[in-house]
Amino acid sequence: MTDDSETAGLYASMSTLRAVRKLRPDPIPDDVLERVLQAACWAPTGGNTQPWRVVVITDPEVKASMKEIYAPEWAKYVGGFMKMMEGLPPEQLAPWERVAAAGDYLADHLDEAPALLLFCGNPKMMAITDAKLDRVSVVGGGSIYPAVQNAMLACVAEGLGCTLTTLHCLREAEVMELLKIPEGWATAALVPIGYPVGKGHGPISRQAPSQLAFRDTFGNAWS
């Protein structure tokens with residue numbers, strides 16, 4: 001039997017897991033990091049093979065090198081994104097400007113985050129059932145990203161801010177060399193974590209089941 005308070009806590013964590021990009025440099029105790037990592041290890045994977053690993057980056061020099069890789073890619077990305085937002089009414093543009101500013105902060109201070117979690121996966125260990133279909137393969141990610149999500153939910157429970165980023169993939173070869181990731185593995189997510197500068201996690205805005213869920217056939221309204 002699940003305690004009602006535990007159930008409520010789980011739903012509260014899921015409904016408040018928003019991107020927190022402003023992190024304090026205060027160190028995270030090892031026991032807290034251990035619990036976050038344990039949560040990742042509980043995630044389901046295809047065939048229960050756990051074909052993922054995570055590099056916990058705390059060394060200042062390595063974090064500085066990750067910043068050198070990440071920051072220029074963010075600058076290019078956000079520049080193009082905000083260009084697409086040009087012409088929006090001020091009230092619609094303002095939220096995106098806040099997101100961009102928070103992203104700028106993360107890029108400028110990535111090396112100050114107390115820990116960076118770099119998740120990677122090994123496709124040879126995965127049951128990638130869509131590998132030969134005539135489209136981009138997505139199934140393999142199902143054996144990596146649940147672990148990322150579990151770690152991020154644990155961050156909420158521990159009072160840690162976090163956000164999921166992937167721009168490092170644009171320079172994956174450099175990341176793999178820096179972190180000594182062996183051939184055959186692929187990087188999937190970079191999650192900076194730390195105690196938040198401000199309020200941290202909080203209410204999120206997402207579409208409801210009435211927009212995203214169907215009953216029995218695609219397009220048939222759930223409710």
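This is a predicted model: local features need pLDDT of at least 70, side-chain atom pairs count only at pLDDT 80 or more; totals for chains, interfaces and linings use all residues.

Residues are numbered from 1 along each chain as its sequence is written, and side-chain values use heavy atoms, with hydrogens and water left out.

**Stop 1: the pocket.** Select Arg 18, Ala 19, Val 20, Arg 21 and Val 99, which lie nearest the centre of the largest pocket among its 34 lining residues. On a 1 Å grid over the protein atoms alone, a pocket is an open set of points with protein on both sides within 12 Å along at least five of seven lines, a cavity is a set where a 1.4 Å probe fits but cannot get out, and lining residues have an atom within 4 Å of a point. The volume of this pocket is about 1,100 Å³. Next, colour helix H4 (90-109), which supplies eight residues, the largest share of the lining.

**Stop 2: the cavity.** Now pick Arg 21, Leu 23, Tyr 105, Leu 106, His 109, Leu 110 and Ala 113, the lining of the largest cavity. About 40 Å³ is its volume.

**Stop 3: around Ile 193.** Finally, centre on Ile 193. Beyond its neighbours within four places in sequence, Ile 193 is in contact (heavy atoms within 4.5 Å) with residues including Leu 23, Ile 28, Ala 113, Leu 160 and Cys 162.

How values were computed. Grid points are joined across faces, edges and corners, and a volume is the space filled by probe spheres set on the points. Helices (H or I, at least four residues) and strands (E, at least two) are DSSP runs, numbered from the N terminus.
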